[in-house]
Amino acid sequence: MSLLGKDLIGIEGLTREQITTILDVADPLKAISERAIKKVPTLRGMTVVNLFFEASTRTRISFEFAEKRMSADTVNVATAVSSVSKGETLVDTARNLEAMKIDMVVIRHPASGAPRFLADRIESNVINAGDGTHEHPTQGLLDLLTLRSHLGSLEGKRICICGDVLHSRVARSNIWGLKALGAQVAVCGPRSLLPGAITDLGVEVFGRIEEAIQWADALNVLRLQLERMERGYIPSLREYNRVFGLTRARLERAPKDLVILHPGPMNRGVEIDSDVADGPHSVILEQVTNGVAVRMAVLYLLAGNAPALADAAKAESA
Amino acid sequence: MTAPLLLTGGRLVDPSQGLDAVGDLLLIDGKVAAIGGAIAGPDGARRIDCAGQVVAPGLIDVHVHLREPGREDVETVATGAHAAVAGGFTAVAAMPNTRPVTDNQATVGFVKRQGEAAGFARVYPYGAITVGQMGETLAEFGEMVAAGAVAVSDDGKPVENAHILRTALEYAQTFGIPVVEHCEVMALAHGGAMHEGTVSARLGLKGIPAEAEEIDVIRCILLAKLTGGHIHLCHLSTKGSVDLVRWGKDQGVRVTAEVCSHHISLTHEAVEGYNTNAKMNPPLRTARDVEALQQGLKDGTIDLLVTDHAPHHYDEKEREFADAPNGIVGLETALGVNVTWLVDRGILTIPQLVDRMSCLPAKVFHLPGGTLATGSISDVTVFDPTRAWVVDPAAFKSKGRNTPYGGQTLRGRATCTIVGGRVVHSLDG
């Protein structure tokens, strides 16, 4: 059994030590992607299935790069081509895959709890690549890795998550991860897009983005799903940008330089303006780079490898 | 004609006549022939030793789903009625959300006949309030009552149109039946899979706020006030609902209410791990709500206990939480759950529990039974309030296995169930 257990379902419940270990393993693995030959043999012979029941571009590609750079064999299953559309249940799909002798499943699913459900029923390691509005642990980890490289220790640092927290799995994973590392966490957005019980999760709430900018060391700006307007959560995207959008004018009033994160894909001109997204404080592309390293670290650790061997794995590529 | 039955030496608990004493009970020809003291039975009487057991008027569950017609794969009237007697219930009222909907005399008569043919618990059909439970056109209450319906309900679907609910409350008065409403504002509950609160925020499941129920509770109470009709409120789950019913009763409104065994014993924490056997509608709420429901039951604001027995196929619950159907089976665990959570914790006495599981259901729904008075029907439940047992879903008589109590130890179990003077369930053979 690995230091993470069999599966990575969420950041909730992970200890500070476990999270720190993942980040410490991920850090040196970044170097692999910088080399001419971007491959180490660490997971050679392992079979990983990327089981995506929901459209995803960057997360799926990021996982696939991570798997391939660790020399795992990968198969991608997307809903459009799977038998799920023929009425097969999730558990049957998984058991059929497992009958073909696989080692790990990376699952993205629109229903909260689907990865937990799967993990309880199959032998393979299960990695949650985002489930409904529950968690997206590897996104949370890559955000932590990115924040750590800019802010150093996150102990006491102030991070505000801005936008549609109600429907965001990224927000939940961030809240648990940041709190485990000792950061102060706040959320900011229209009350209609924050869970009623949000303060029970141990976060502060700001009603205005201006207040969040005054308070924070870093802002993690969430994507606003365009359908939220149709469902009656906000009146219009235009007003959302005017009241809650992260604009350069607002950012210029910050008492210090803020680190700006966004999990992507961005709605430019809605939750974030282009001059902020492309500006000097944005670390958005660095998040994407770190995503591959964090996923390599998770695969590496779940496969049962010892954290201390990460450096050796890196050295093999030299 | 069955032989006379003499139940000897049990603790006779019959709140309908203020009785709580050790004594004998004699049943002859489907009627209570004598009760109390030492009774010398007639020759040929079958004697059942009830020493150490409670002998009570038969338990009645006015809220079950027996799935027939339509979903005989998950339950039939016969298997449901068998589960009922195994759990100590001598009568159940079957909700009309069948396929087709029980919204006419023919289907009501069918359900009633299936119950009679099964020969376990008495099965009283509900009729729907509206045709097809669509909330638009009143179903034919008069014909359904003539065919055996004891109440009307669109359970599972609230009657959203206040005019239709008003006319139902008026029209039902001719037939002397309660209008039984599932309280839920659909627009607020839409897409919700559990109680809206801390746990839903953590699990990332869409929540159903308490107010989705409470807003409809007050609407129902006010419409009963307007019409003078009898509204019976299904499966209350929140503190606010208890407060509103208390207010309604204070105003003299003809409002009665029920609570499920799971709502007085479990909280939304039971959903942790995405446990689909803790998914039901209304959802499990907070500890504060559970306490208010227990108190409401104790002080009489909530009249009676039910199960909302809702069998589902194993495969239907074995899936993603949001997609799993609502409901759990309850007939075979309710008595144990109620004794364990209400009697053992000092919230209700045994006579109060019998009152809320037998006398009051009979009174509120105008059903036979709920009493052991001489001359009344001989429906009797014998149970051991101290007997500890482990819930084994595989041993259920119900086809449903979907229970959150599997593997748990409960105290209190029916040992003998008698319907119409006939022993239809005997735990120890």
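Start with how chain B is divided. Its domain assignment gives domain 1, made of 5–55 + 377–426, and domain 2, which is 59–364. Such bounds come from an automatic or database domain assignment.

This is a predicted model, in which local features need pLDDT of at least 70 and side-chain atom pairs count only at pLDDT 80 or more, while totals for chains, interfaces and linings use all residues. Residues are numbered from 1 along each chain as its sequence is written, chains are lettered from A and ligands numbered from 1 in the order in which they are written, and side-chain values use heavy atoms, with hydrogens and water left out.

**Inside chain B**

Taken over C-alpha atoms, the centres of domain 1 of chain B and domain 2 of chain B are 25 Å apart. Domain 1 of chain B puts 39 residues in contact with 46 residues of domain 2 of chain B. Contact here means heavy atoms within 4.5 Å.

Next comes area. The size of an interface is often given as the accessible area lost when the parts come together. Buried area is that loss for two parts, found with a 1.4 Å probe and summed over both. Between them, domain 1 of chain B and domain 2 of chain B bury about 3,200 Å². Carbon and sulfur atoms carry 63% of it. On the domain 1 side, B:Lys399, B:Asn402 and B:Tyr405 lose the most area to domain 2 of chain B, together 22% of what that side buries.

Domain 1 of chain B and domain 2 of chain B share 2 salt bridges. A salt bridge is a side-chain nitrogen of Lys or Arg within 4 Å of a carboxyl oxygen of Asp or Glu. B:Asp379 forms a salt bridge with B:Arg122, and their closest N and O atoms are 2.5 Å apart.

Polar contacts are pairs of N or O atoms within 3.5 Å; within protein, one must be able to donate a hydrogen and the other to accept it, and residues adjacent in sequence count only if both atoms are side-chain atoms. The rule finds 17 residue pairs in polar contact across the interface of domain 1 of chain B and domain 2 of chain B, both residues being at pLDDT 80 or more. On the side of domain 1 of chain B that touches domain 2 of chain B, strands E1 (5–14), E16 (380–390), E17 (409–419) and E18 (422–426) each supply at least two residues. The largest share, 8 residues, comes from E17(B). By class, that side has 18 nonpolar, 11 polar and 10 charged residues. Ala, Val, Leu, Ile, Met, Phe, Trp, Tyr, Cys and Pro count as nonpolar, Asp, Glu, Lys and Arg as charged, and the others, Gly among them, as polar.

**Where chain B meets chain A**

Chain B has 15 residues in contact with 21 residues of chain A. The area buried between chain B and chain A is about 1,400 Å², with 57% from carbon and sulfur atoms.

Chain B and chain A have 8 residue pairs in polar contact, both residues at pLDDT 80 or more. The salt bridges between chain B and chain A number 2. The side chains of B:Arg202 and A:Glu12 meet in a salt bridge, at 2.7 Å from N to O. The side of chain B that touches chain A has 5 nonpolar, 4 polar and 6 charged residues.

Chain A has 13 helices and 9 strands. Helices (H or I, at least four residues) and strands (E, at least two) are DSSP runs, numbered from the N terminus. Chain A has 13 helices and 9 strands, and its radius of gyration is 19 Å, close to the 20 Å that the globule rule gives for 318 residues, so chain A is as compact as a globular protein of that length. That radius is taken over C-alpha atoms, and the globule rule is 2.2 Å times the number of residues to the power 0.38.

Chain A is also divided, into domain 1 (16–136 + 291–317) and domain 2 (137–288). Domain 1 of chain A and domain 2 of chain A bury about 2,200 Å² between them. A:Arg16, A:Leu23 and A:His136 supply 29% of the area that domain 1 of chain A buries against domain 2 of chain A, more than any other three residues.
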